[in-house]
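Here is a short tour of one protein chain, for you to follow alongside the coordinates. Please keep the viewer open as you read.

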Amino acid sequence: MTKKKLSLLSLALVMMLSVVLAGCGDKKENNASSGKEQNAVQNDGTIDVSKLDPVTLKLYLIGPNQKDLPKVQEEINKYVTEKINAKVDITMIDWGDYSQRMQVITSSGEDYDIAFTSSWAFDYLPNAAKGAFMPLNDLLDQYGKGIKEVLDPRFLEGTKVNGVNYGIPANKELAQQYVWRFNKKYVDKYNLDISNVTTLKDLEPLLKTIKENESSDITPLAVPKSFKPYLPVDFLLGDEIPIGMYLDTDDFKFINLLETPELKDALGTIRSYYKAGYLREDVATLDGIDNMKTGKWLVDREITQPYAELGWSRSAGYDIITRPMHDPVIYTSSAAGSMLAISSYSKNPERAMMFLNLLNTDVYLRNLIQYGMEDVHYKKLEEPYIEDLPAMQDSYAMPGFALGNMFLTYLHDGEPKDKWDAFEKFNSSATVAPTFGFNFDTAPVKTEVASVTNVAKEFIPSLYTGSVDPDEYLPKAIQKFKDAGIDKVIAEAQKQFDAWKAEQK
């Protein structure tokens, strides 16, 4: 679910109010805690509930509404009342409506308490910059100590805006890693050797075998128009815009990726694949592709996490295997893939942080909000496994990645016991991208960013999927990007990055 890069809108808006926000943030944080909440915290960090007045916290979460949410919420409230003398009122907003609805709710000044935010829905950075979220540094120190103990510190570091945290990231995969994902049926049928497949070029003999031996409705390389040849770079504005910095950089310089030999070579390869019929003919206009549903494909590309093959196989109903394209990397955007923020209009920010602390440290509460009620929505097997009951799928199918600390959740039969240990190792083993923690303020070049974005929409899908001849269209694209002001964007980004990097020493 760490899958999407920061939207260009997010990056274009972020930091526009940073100076104002930084000043306001200190004021809000200094006044964040009321006397009762402070007095309720004991020396050992526990809460003396008798010292707290009852409150109800309003939560907005992403995902379809669930029929059994009211009765699960009743159980949640019994427990949370005992812990922090609070109840929750949860509203689910479906995937496609969430960002727009939350913008309306925020603009109205509604005093809700907690909402889901991320780098791809109800965009974290611009909403933090606009003052939609409460600064959390002081609240974390006072009421979120458990969060700081269990959460990889790089999550909080990578999601700061001007040194301030405005959301609590979910403890899950922090790193990002692309894999080639294979339909095992065809790998086995033709005894394909995928052991050394890493690059785009490595796929050629496998794609050729499928094209020559299977019917035309089997797609050798099943990708949509969003496909990008992998480059070992840290993108500045998401992978739609060809500006980045090499992961192994020595000079820490942003470059125009269209002018690199790696991209030129990759475009030649994907063009040859397109001409050979290895991709869908309409790939440049294909918003999505239903290969997982149909099973009529050999290979696609996806972002992975430990044991992802098991989940993909279970969902597809057939076996899927993978090969990594590169080592895992931690980007700024991947730290903000799933977060919960406290509204700047919240009347109970202290209790909201207490609730978030529970959600990230309390096994019972974390599993209750995700899986519902034992013997109603699931039954327990041998620790730590559960089995879903029909009522879970029918009436309480919650999006677990959006609900806090994933490392506390139960496992399903077939998942290895070391799943969450593997996630921690995955995160620990990752390379940190050279711009991790750097947030580009696009305001000084907002006109150029908008123009560059329009050029990207015109050229990138067709170029990157091989639908046009790169010998003809790459020079045109380079010139169009230059005319749009890409060099000015790169210069401004470099200026800001150099200043930011100097402050890190």
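## A buried aromatic pair

Phe-254 and Phe-497 are both buried, where buried means under 20% relative accessible area, exposed over 50% and partly exposed in between (1.4 Å probe, protein chains only). Before we go on, please note that this is a predicted model, in which local features need pLDDT of at least 70 and side-chain atom pairs count only at pLDDT 80 or more, while totals for chains, interfaces and linings use all residues. Residues are numbered from 1 along each chain as its sequence is written, and side-chain values use heavy atoms, with hydrogens and water left out.

The structure holds 23 aromatic pairs. Rings of Phe, Tyr and Trp (its six-membered ring) pair if their centres lie within 6.5 Å; planes under 30 degrees apart count as stacked, over 60 as edge-to-face and the rest as tilted. Phe-254 and Phe-497 make one of these pairs, in edge-to-face geometry, with 5.7 Å from centre to centre and 80° between the planes. Phe-254 sits in the loop between β10 (243-246) and β11 (255-256), and Phe-497 belongs to helix α22 (residues 486-504), so that the pair links distant parts of the chain, 243 residues apart. Helices (H or I, at least four residues) and strands (E, at least two) are DSSP runs, numbered from the N terminus.

## The three-stranded sheet

Two strands pair if DSSP finds at least two bridges between them. Contact here means heavy atoms within 4.5 Å, and axes are lines fitted to C-alpha atoms, for helices over the stretch in contact, with angles from 0 to 180 degrees between N-to-C directions.

Strand β9 (residues 233-235) joins β10 through 3 antiparallel bridges, and Asp-234 has Met-245 in β10 as its bridge partner. Between β10 and β11 there are 2 bridges, again antiparallel; here Ile-243 is partnered by Asn-256 in β11.

## The four-stranded sheet

Another open sheet has 4 strands in the order β8-β12-β7-β13, with mixed pairing. At its edges are β8 (219-221) and β13 (320-324), each pairing on one side only. From one strand to the next, the twist averages 35°.

Strand β7 (residues 178-183) runs antiparallel to β13, and 5 bridges join them. Val-179 stands opposite Pro-324 in β13. Helix α14 (residues 308-316) lies across β7, β12 (297-303) and β13, at about 150° to β13.

## Salt bridges

Side chains of opposite charge can pair when their charged atoms come close. The whole structure has 25 salt bridges, each being a side-chain nitrogen of Lys or Arg within 4 Å of a carboxyl oxygen of Asp or Glu. Lys-347 and Asp-111 form one of them, at 3.4 Å from N to O. Lys-347 lies in the loop between β15 (339-342) and α16 (349-361) and Asp-111 in the loop between α5 (98-107) and β3 (114-117), so this pair ties together parts that are 236 residues apart in sequence. Lys-347 is exposed at 65% relative accessibility, whereas Asp-111 is partly exposed at 34%.

Asp-265 and Lys-201 meet in another salt bridge, at 3.2 Å from N to O. Asp-265 is in helix α12 (residues 261-275) and Lys-201 in the loop between α10 (184-189) and α11 (204-213), so parts 64 residues apart in sequence are tied together. Asp-265 is partly exposed at 40%, and Lys-201 is partly exposed at 46%. In the salt bridge of Lys-419 with Glu-415, the closest N and O atoms are 2.7 Å apart; Lys-419 is buried at 12% relative accessible area, and Glu-415 is buried at 11%. Arg-181, Asp-300 and Glu-302 are linked in a network of salt bridges.

## An aromatic cluster and two charged neighbours

One aromatic cluster includes Trp-95, Trp-120, Phe-133 and Phe-401. Which residue lies over the face of Tyr-60? Lys-58 does, at 4.9 Å from the ring centre. Lys-476 lies over the face of Tyr-473, at 4.8 Å from the ring centre. A charge sits over a ring if NZ of Lys or CZ of Arg is within 6 Å of the ring centre and within 35 degrees of the ring normal.
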